[in-house]
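Subject: Structure handover

Hello,

Here is the structure I promised to pass on. Please open it and keep it beside you while you read my notes.

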Amino acid sequence: MSDDRPPTHQERLKGILRHGAKEPDAEETEVSCGAFGHWRGVRDLPGSLEFRFRAGNSLWFPYGWLGPWKYNPSEGLLLKFSGDLVYIVLIRGSNLDKPLNEGAINLTSGGLQRNRIVWIREMSKEEIERVGDSGPTIDSIQVEEFESQAALKEWLTKNAPAFVR
């Protein structure tokens, strides 16, 4: 275009079709820090939650399996997924409920509670030291599967007693 007017709707569509690209939408983006990624979109929600481990492995759980979860600042975050088995995800770290950039986005109430967290990642010691107290850090993610409530309670008593009633 030779003039300074914004492109028309038809011109934008032709450009998308010609290049096979999707028009970027400023409202549909992922915001992230070293510890987690948060979906800002208003139309779509992530279908699953990815856990990224230091070794490079990943594990996904559908949000539809997410049941009750608990946050204890001194113990961490405990997520329960119920599918063919019961899966417990224990996330240990610091400042897990601290907002990103002093905004409304955080891992707990602004993220998991609203099914907007896309991924959670274990961080290296260097990354944790770099972040310090300025933001959330993930020291470890532990995933266990259980066939019985008794086995789950025994594991919690041994590994995360603050979450046992």
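Strands β5 and β6 form a hairpin, with three residues between them. This is a predicted model, so treat what follows as a reading of a prediction. The two strands run antiparallel, and five bridges join them.

Now step across to the next strand. β6 also pairs with β7, again in the antiparallel sense, over six bridges. Phe 81 turns up here too, standing opposite Tyr 87 in β7.

What is the strand order of the open sheet? The order is β5-β6-β7-β9, four strands with antiparallel pairing. β5 (66-72) and β9 stand at the edges. Each has a single partner strand, so one side of each has no neighbour in the sheet. From one strand to the next, the twist averages 15°. As background, strands of a sheet pair through backbone hydrogen bonds, either parallel or antiparallel.

Helix α3 covers residues 149-159, and its buried residues are Leu 152, Trp 155 and Leu 156. Why do they sit on the same side of α3? They cover an arc of only 100° around the axis, which puts them on the same side. Which strands do the buried residues of α3 pack against? They pack against β6 (76-82), β7 (86-94) and β9 (137-146).

Now the aromatic rings. A search of the whole structure finds seven aromatic pairs. One of them is Phe 61 with Trp 65, a tilted pair. The ring centres are 6.5 Å apart, and the planes make an angle of 45°. Is Phe 61 buried or exposed? Phe 61 counts as buried, because its relative accessibility is 4% and the cut-off for buried is under 20%. Trp 65 is partly exposed, with a relative accessible area of 31%. Both residues belong to one aromatic cluster, formed by Phe 51, Phe 61, Trp 65, Phe 81 and Tyr 87.

A few single residues deserve a look.

Start with Thr 137, in strand β9. Thr 137 is buried, with a relative accessible area of 0%. Beyond residues up to four places away in sequence, Thr 137 touches Ala 35, Arg 92, Gly 93, Ser 94, Leu 96, Met 123, Ile 128, Val 131 and Gly 132.

Then find Gly 34. Gly 34 lies in the loop between β1 (30-32) and β2 (36-39). Gly 34 counts as partly exposed, at 27% relative accessibility. Leaving aside neighbours within four places in sequence, Gly 34 is in contact with Trp 119, Arg 121 and Met 123. Ser 124 is 90 residues away from Gly 34 along the chain, yet their C-alpha atoms are separated by 9.7 Å. Met 123 is also on the list of residues that Thr 137 touches.

Two asparagines come next. Asn 95 sits in the loop between β7 and β8 (117-121). Asn 115 is found in the loop between β7 and β8 as well. What is phi for Asn 95? Phi is near 55°, a positive value in a residue other than glycine. Asn 115 also has phi near 55°. Both are partly exposed: Asn 95 at 25% relative accessibility, and Asn 115 with a relative accessible area of 28%.

Last, the whole chain. The protein chain has three helices and nine strands. Along the sequence, the pattern is α-β-β-β-β-β-β-β-β-α-β-α. Of the 165 residues, 33% are buried. The chain exposes about 10,200 Å², and carbon and sulfur atoms supply 49% of that area. Among contacts with a separation of 6 or more, 57% are between residues 24 or more positions apart.

Best wishes

Terms used. Residues numbered from 1 in each chain as written. Predicted model: local features only at pLDDT ≥ 70, side-chain atom pairs only at ≥ 80, totals over all residues. Heavy atoms only, no water. Buried < 20%, exposed > 50% of the residue type's maximum accessible area, 1.4 Å probe, protein only. Contact = heavy atoms within 4.5 Å. Areas by Shrake-Rupley, 256 points an atom, 1.4 Å probe, with all protein chains shown as cover. Arc of directions from axis to C-beta. Phe/Tyr/Trp six-rings, centres within 6.5 Å; stacked < 30°, edge-to-face > 60°. Pairing = 2+ DSSP bridges. Axes fitted to C-alpha atoms, helices over the stretch in contact; angles between N-to-C directions.
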